[in-house]
Amino acid sequence: MGQDVFEITVNCIKLVLIFLMMVQAVPILVWVERRGSAFIQNRFGPNRVGPLGLLQLLADAVKFLTKEDFAPDKAIRPLFYAAPIFALIPATLAFAAIPMSVPLEIGGYVFKIQGYDMNVGIVYILGVSSLAAYTILMAGWGSASKFSLLGALRASAQVISYELALGLSIVGIILLFGTFNLTEMINAQQGTLSFKAFGHTVTSAYIPNWGIFYQPLAAIIFFAATFAESNRLPFDLAEGEAEIVAGFHTEYGGFKMLMFFIGEYGHMMLGSALMIIFFFGGYGIPWVTVDDVRQWAAGLSESATTISVITTLVHFLSFMIKFVFFLWVFIWVRWTLPRFRYDQLMDLGWKTMLPWALGNTILTALVIYLIS
Amino acid sequence: MAEASGMPLGGVIFLTVFLAIFGTFLIYLARAIGGQRKDNSAVKRDIYECGIPGQEKRETKVSVKFYLTAILFILFDIEIIFMYPWAITFRDFIASGQGTFVFTSMMIFLAIFIFGLFWEIKSKALEWD
Amino acid sequence: MTPDVFLFWFLALLIIGSGLAVLLFTNPIYSALSLAMTMVGVAAIFITLHAYFIAGVQLIVYAGAVMVLFVMVLMLFDIKAEIQAFSSGKISGAIKLISVGLLSGLIVGGIIMGQKSFVGELSKDAVQVAEAQKVKKSTSPDAATKELGMVLFSKHIFGFEALGVLLTVIAVGAVALARSRGGTHHAK
């Protein structure tokens with residue numbers, strides 16, 4: 001296969017590291033969410049345990065671990081226990097295909113800063129994350145509670161409805177970049193705005209060459225659909241204290257509950273990462289190309305390894321800044337907007353977002369057809 | 001890197017197996033630390049209900065709308081999937097001079113799609129009450 | 001054993017195992033979940049054949065949409081009666097045995113046929129074609145998908161349009177069925 005044991009080992013370690021990164025991000029996000037919500041609602045939030053309440057994360061973990069492991073009598077045990085384990089899988093598998101920086105070149109080896117480079121990046125990610133519906137259905141059915149079952153049906157109907165708008169908004173992006181591969185998409189968004197129209201090249205020195213300037217409507221639809229996909233407010237109709245209690249995880253508590261949380265936050269991270277890659281230049285730095293950065297790094301050091309390390313680190317930092325910003329937007333929106341009613345939610349998905357995404361596709365195709 | 005070979009798949013399988021083992025380990029760990037209390041009354045082991053004995057069977061009757069949503073989802077999903085190879089080859093077709101033909105045929109396909117969608121909206125199949 | 005061969009046998013056993021599980025589980029929900037597992041395995045097999053887009057479609061459409069519909073529909077039914085119809089009775093037992101017999105017959109037949117020379121020649125051709133395509137593919141990660149698109153939108157364009165009509169007809173039919181009175185939902 002043209003790979004030695006060393007490279008395979010590194011790849012495996014990389015995959016585990018990506019998963020651990022996601023797991024580690026969850027308590028931090030929970031803390032940010034609680035502090036952030038407190039800030040938005042003019043409250044204090046967790047501030048007793050440790051400085052700024054940071055040790056609250058640890059306390060929460062200990063609390064979750066020491067909770068009694070409980071399953072209702074009527075529950076179907078294999079499904080009831082398999083659901084939280086399965087909750088980890090789709091989001092992590094999809095997130096591992098996200099390129100987070102330019103490849104690192106050390107002594108003849110090329111290490112990609114991503115779990116694996118799937119040729120058909122988008123199709124793979126869509127396919128894997130569509131498996132998330134099983135988690136919900138398994139949990140809902142396995143709990144043997146009517147609240148769980150109704151919550152699971154609601155949640156899965158919502159997830160699949162918004163998958164349509166999501167998939168259709170991506171068609172415009174594929175038309176624009178002409179590729180499924182995420183790395184090539186990022187490469188197409190380097191530098192400042194420039195495109196060919198009617199045989200002329202249009203450039204602008206002030207706007208970065210990002211997807212959002214070509215596909216603003218797709219960006220809005222895509223972002224809204226990711227909220228619904230990850231069951232976040234304002235689309236968190238899978239839960240509802242007054243109607244179906246906690247939805248499909250009504251019967252879950254302790255660590256199993258935490259695993260559902262990891263899955264949910266995983267989808268949130270996946271949504272932000274995809275948003276960055278499609279519309280905000282991925283790991284690229286605005287106005288600047290990767291080659292520019294490499295030249296700048298070459299001015300700092302002589303050795304090829306150091307140049308590569310610096311380039312990778314700078315782009316990783318750029319990715320992380322954008323990533324954290326979009327995660328914050330997720331939290332921000334949650335505490336700003338009121339939630340929908342279920343019929344409004346379905347109406348929005350089927351009657352508003354789907355036609356607009358269709359219109360966007362037709363418009364994009366028309367423009368590409370006319371200007372070339 | 002042998003990109004096109006089985007390695008990405010090997011990575012996917014490795015990660016899946018790792019996650020399954022890791023998740024199982026976590027469940028067992030939580031079980032070992034949390035333990036099971038002795039006061040396991042029947043009320044406690046019952047499924048959640050708002051302060052009264054659980055009354056409903058699991059087999060609650062559910063609205064047929066969910067079924068309808070799911071089947072319409074499959075149909076539209078297939079149509080959207082067919083747009084992907086079109087979207088990726090569109091520029092190549094334009095470059096090879098077949099742009100008009102492919103553009104028109106996709107617009108016919110989309111017209112059928114839009115007809116289906118608006119028929120469903122108009123026939124109130126997507127109304128939730 | 002090279003990694004590719006190992007991968008193939010692993011996936012083949014996974015698919016056959018989960019396929020058998022579809023037949024042998026008495027609970028329809030488990031059967032449906034096993035069928036989803038089979039679909040995922042088939043998608044993985046497509047990846048080993050370098051058909052990445054088809055693998056993605058297999059995942060999105062079959063594993064992500066069709067099987068979700070199955071599982072959702074099974075939840076809508078009174079599953080107890082179904083389980084009884086599924087698990088008891090000599091007829092269903094006989095059907096299960098026959099299907100397992102047919103399956104193992106197919107496998108054995110496949111192995112025997114695979115050893116005959118004419119199939120060997122055929123698969124040699126297929127391998128050559130695949131090798132030739134691999135050379136072409138290495139230029140761009142999307143080459144295989146683009147080839148598929150090229151064929152689909154030039155040679156098979158009529159089938160493609162007909163499919164659009166067919167899908168719309170199915171949608172109309174489904175809506176008409178769901179709205180008809182006298183089904184389980186409106187009966188009181």
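This is a predicted model: local features need pLDDT of at least 70, side-chain atom pairs count only at pLDDT 80 or more; totals for chains, interfaces and linings use all residues.
Residues are numbered from 1 along each chain as its sequence is written, and chains are lettered from A in the order in which they are written.

**Exercise 1.** Work out which helix of chain B gives the most to the side that touches chain C.

Start with the totals: 40 residues of chain B and 46 residues of chain C make the contact (C-beta atoms, placed from the backbone, within 7 Å). Next, look at the helices (DSSP runs of H or I, at least four residues). α1 (7-34), α3 (65-95) and α4 (99-122) of chain B each supply at least two residues. α3(B) gives the most, with 20 residues.

**Exercise 2.** Find how α3(B) runs relative to α3(C).

Take the axes, lines fitted to C-alpha atoms over the stretch in contact, with angles from 0 to 180 degrees between N-to-C directions. They come within 9 Å and cross at roughly 175 degrees. The two helices are therefore roughly antiparallel (angles over 145 degrees). Among the residues of α3(B) that meet α3(C) are F66(B), A70(B) and P85(B).

**Exercise 3.** Say which residues I174(A) touches, leaving out those up to four places away in sequence.

Go through the chains in turn. In chain A, there's F180(A). Over in chain B, you'll find Y84(B), A87(B) and I88(B).

Methods:
Two residues are in contact if their C-beta atoms, placed from the backbone, lie within 7 Å. Angles under 35 degrees count as roughly parallel, over 145 as roughly antiparallel, 65 to 115 as roughly perpendicular and the rest as oblique.
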